[in-house]
Amino acid sequence: MTAKKRLILNLFEMNCVSHITHGLWRLPGNNRERFNDIEYWTELARLLEYGGFDAVFIADVIGTYDVFRGSAETSVREGLQIPNNDPSLVVPAMAAVTRHLGFGITFSTTYEPPFAWARRLSTLDHLTKGRVGWNIVTSYLPNAARNFGLDGELDHGKRYEIADEYLDVLYKLWEGSWDDDAIIADREHNVFADPAKIRPIFHEGTYFKVEGPHLPSPSRQRTPVLFSATASGDGTKFAGKHTEVVFTGGPTTGFLQRTIAGIRQAAVEAGRRPDDVKFITQAGVIVGKTESEALAKRAAYERLSSRDGYLAHAGLTFDPTGLPPETRLVDVADEFSVGRRRAFDPAQTVGEFLSGFGDITRQPLFACGTPDVVADAIEGWLDEVGIDGINLTQYHSYDTARDFIELVVPVLRARGRLRTEYDPDESLRDRIFGAGDRLPDRHYAARYRGGAFLPGRLSPSSPDPGSSNDFKGRDPR
Amino acid sequence: MSAASSARPRPLHFAAFVMNTTGHIIQGTWRRPAARQTDFNDLEHWVRLAKTLERGKFDAVFFADVVGLYAPYRGDERKYFEAGLQVPSNDPSVLASAIAYVTEHLGIAFTASVLQEHPFNFARRVSTLDHASKGRIAWNIVTNYLPNASRNFGLEGLTRHDERYEWADEYVDVSYKLWEGSWEEDALLQDRAAGVHADFDKVHKINHEGPRYKVEGPHLVSPSPQRTPLLFQAGASEAGRTFAAKNAEAVFIQSPNLAAAARDTADIRLRAARHGRSGSDIKFFQGLYVVPGSTEAEAKQKAAELDEWIDYDAQLSHISGAIGIDFGHEDLDTPVGELKTEGVQSVVGWIKDLVPDRPATLRDVAHYTATNSRIVGTPEQIADGLARWQAAGVDGINLVNAEIPGSYEEFVDHVAPVLQRRGLMQAEYAAGTLRHKLFGRGDRLPDRHPAARYRGAFAPQRA
């Protein structure tokens, strides 16, 4: 019998008040309003490391949800991801108070030049000694596009095309620009780095032109752990080629399983192994020492849940709340108006459609009950649904994490689903895959190692610096 | 008592001038036995430094930055790697939240070029840090003078000089709109009982449309303690001075002598007045470093020992690569007056003032870039020297290091107490944000600053 699958345990976060459980920021003792304070994040990081979490996974958007009711009014009132702060900048403070906790940081490939982001991630990987992951997104909010000079969203396929080239630039910088032994720090001979082992990348593609070299030296993981969130067709091909940990979801477990199988297949087609990709999903857990305690918590959460928040979050182009519940959905909406996360079901009435919004229990992976009940459910997700880990949904910060640590973690440890302690010296990638700090050789990024597939050399190997220095040759002056 | 205190000088402000790299200004000293510049990848290195600076009551830590290699020296970029001269280098901005967490008062200034990031995202990152630090962030606004940096961001080469400042003008304009105009002061309600987190009528789009940027808004971050971070700038050119006069609250100067400092500060203060600001709205920070000793002889001996570590070839490569004129093939003993390359006299002409008795050479240039702006002596003599800079119009010192953490530990332990006793350095921190600490008149930009015009300007445009 093979060993039990170990749970990848992340906390799902965002640098804002109302991330995905709308209305609940009002719960007594909820700390979410403190997100502007760095102490919110350092306290959280300490708690998660105390509880053995693998990582904190920080979502992000760079615009407002302003489709529902034609403006951002609902979002602003609800604190629905606005105001929101940059996710990457709270990581160094969290890193300063922890030694093991990993960090999944969301950043979009659609609007920002790759050079600065590659450098920022390498800096973070250095500072954390290899604990950084990047959640690659392509942005879906029209307002985000208009914040960056476009008139509206780019077409989905094109965003993935840009993302694919963006990753190519980053792999060249991270994997190819510096050899592992480039830093010599030879005090006696006054040589800090060996120019022969560092090279520009001279990337010229459809969307980007980047000379290089990368400015940071190789960090522990070089390429951070690559997360991406997808369930779409373009996303599947992209994830098969690039992603190491897919954050996915869907309306049913059957949908989830099809997504997982599709991405594993895409990975194989990209020359990788099916198990080179891990899958995590959003999961809701409400746990109590007794069933009634869990149910009481759930009731308290349900009381404050805000349907408006969920409607605005979904980006509905029509407002079902003003319609008679018996209205046929097909008469007032189509597949483009029901929001980005929902399948359009023409047989539904508006009342049926609405009933799911604001229902905190309505997600495929949800468990409420005693520690054993919750642990049974999680084991089912791992073994029957086939996922590898969860991004734990927060209803209450920090009670959700505290409850999980106090009540569920011990049970999962006893059942061999979580380790009892951190390996004292492992990178985030090594923790997840157990095969070292770096991407495996069969990953696309590995092709650039040692400068392969890169045209330039920084310094000549021949004695005449004038003739063979490509870097100089490309200098337009 | 009031008479005695009024006789005391105003304290100078002190920032520690550092960079997230091995070789920043004084090259070659990373090889010294106690030097730890090479640890810049480690968070602990910076945490320790920040705590030292706060112990010594420094006003701020100031991170320089570049986003590319210096232009070729002796035909290529080899020298920069061998010397660790600003490469490898890491992003300075991400150090800020950790430094903010381990300190309470220290200001955190970081350099960011308008080249590297869209202003919408940049403004958001700065606001995030200003929240995280409770109002201790400063932004050193720079354009870019390195062709390689331009090519790292898709351009063919350097942007024309005057065009760079037009770019910077629009970049700060977008940022000001987001910081000052998008959210009204009382927009954030956080009313649990009513279920209202923010007042929609007080959050505004900015709808910026300019030659380079088109930005809708609203700003995603609620108003931070300072809103606009303290604005630093360092341009010495005509366009740079005008930009500073309009925008900067702190100007970093590298004047070769007291007379030049007096000239530079007076000039920019005058320009500020012409732009409707007051000369006192700008604090000037002179870049220099000190070599202290318990006696003058000891200090001189230490300076001589330090000089032996300096890599003068790297010093010359730095200035060469910054101005884009390759001195690498020149004989170091070539008199500067004989260099014929276009534009070279304007960038190294200053050396002639420092070597009046004979023809100044490139060797002199290399030497003086490392040693001109320094004060060698006892703490008392250093205090005397700093008082002279202050009398020339300087408000603060951007303290260069020969090594980290040594230069700052030595300063904090041996020089700062003397400065504090003489009233030349603060002995306690004032409360409040970095801006309030420096100017003593609140957390926000004064009304006469150009950013202030956006306050309340977007009220009709709802988010």
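Helix 4 and helix 6 of chain A are oblique to each other, in what is a predicted model. The two helices, residues 114–127 and residues 156–176, pack at an angle of about 50°, and their axes are 10 Å apart.

- How are two packed helices described?
- The handedness of the crossing of helix 4 of chain A with helix 6 of chain A is right-handed.
- On the helix 4 side of chain A, the contact is made by Pro114(A), Ala118(A) and Ser122(A).
- Helix 6 of chain A brings Tyr166(A), Val169(A), Leu170(A), Leu173(A) and Trp174(A) to the contact.
- What is the make-up of this contact between helix 4 and helix 6 of chain A, by nonpolar, polar and charged residues? Seven are nonpolar, one is polar and none is charged.

**Chain A as a whole**

- Chain A is built with 17 helices and 13 strands.
- Along the principal axes, the C-alpha atoms of chain A fill a box of roughly 80 × 50 × 45 Å.
- Of the 477 residues in chain A, 56% are buried.
- Taking contacts in chain A between residues at least 6 apart in sequence, 74% join residues at least 24 apart.

**Cis peptide bonds**

- In chain A, Ser397(A) and Tyr398(A) are joined by a cis peptide bond, with omega about 10°.
- Tyr398(A) sits in the loop between strand 13 (389–392) and helix 14 (399–414) of chain A.
- Chain B has a cis peptide bond between Gly217(B) and Pro218(B), where omega is about 5°.
- You can find Pro218(B) in the loop between strand 8 (214–215) and strand 9 (230–233) of chain B.

- Phe453(A) is not a glycine, yet its phi is positive, near 65°.
- The loop that holds Phe453(A) lies between helix 15 (428–433) and helix 16 (465–468) of chain A.
- Is Phe453(A) buried or partly exposed? Phe453(A) is partly exposed, because 13 other C-beta atoms lie within 10 Å, and a buried residue needs 20 or more.
- Gln86(B), also not a glycine, has a positive phi of about 60°.
- Gln86(B) belongs to the loop between helix 3 (78–83) and helix 4 (96–102) of chain B.
- With 26 other C-beta atoms within 10 Å, Gln86(B) is buried, because the cut-off is 20 or more.

**Phe318(A) and its surroundings**

- Look for Phe318(A) in the loop between helix 10 (307–314) and helix 11 (329–332) of chain A.
- Phe318(A) has 18 C-beta neighbours inside 10 Å, so Phe318(A) counts as partly exposed.
- Which residues is Phe318(A) in contact with, leaving aside its neighbours within four places in sequence? They are Val332(A), Ala333(A) and Ser337(A).
- From Phe318(A) to Ala452(A) the separation is 134 residues in sequence and, C-alpha to C-alpha, 53 Å in space.

Notes
Residues are numbered from 1 along each chain as its sequence is written. Chains are lettered from A and ligands numbered from 1 in the order in which they are written. This is a predicted model: local features need pLDDT of at least 70, side-chain atom pairs count only at pLDDT 80 or more; totals for chains, interfaces and linings use all residues. Helices (H or I, at least four residues) and strands (E, at least two) are DSSP runs, numbered from the N terminus. A residue is buried if 20 or more other C-beta atoms lie within 10 Å of its own, exposed if 12 or fewer, and partly exposed in between; C-beta atoms are placed from the backbone. Two residues are in contact if their C-beta atoms, placed from the backbone, lie within 7 Å. Axes are lines fitted to C-alpha atoms, for helices over the stretch in contact, and angles run from 0 to 180 degrees between N-to-C directions. Angles under 35 degrees count as roughly parallel, over 145 as roughly antiparallel, 65 to 115 as roughly perpendicular and the rest as oblique. A crossing is left-handed if the near helix is turned anticlockwise from the far one by less than a right angle, and right-handed if clockwise. Ala, Val, Leu, Ile, Met, Phe, Trp, Tyr, Cys and Pro count as nonpolar, Asp, Glu, Lys and Arg as charged, and the others, Gly among them, as polar.
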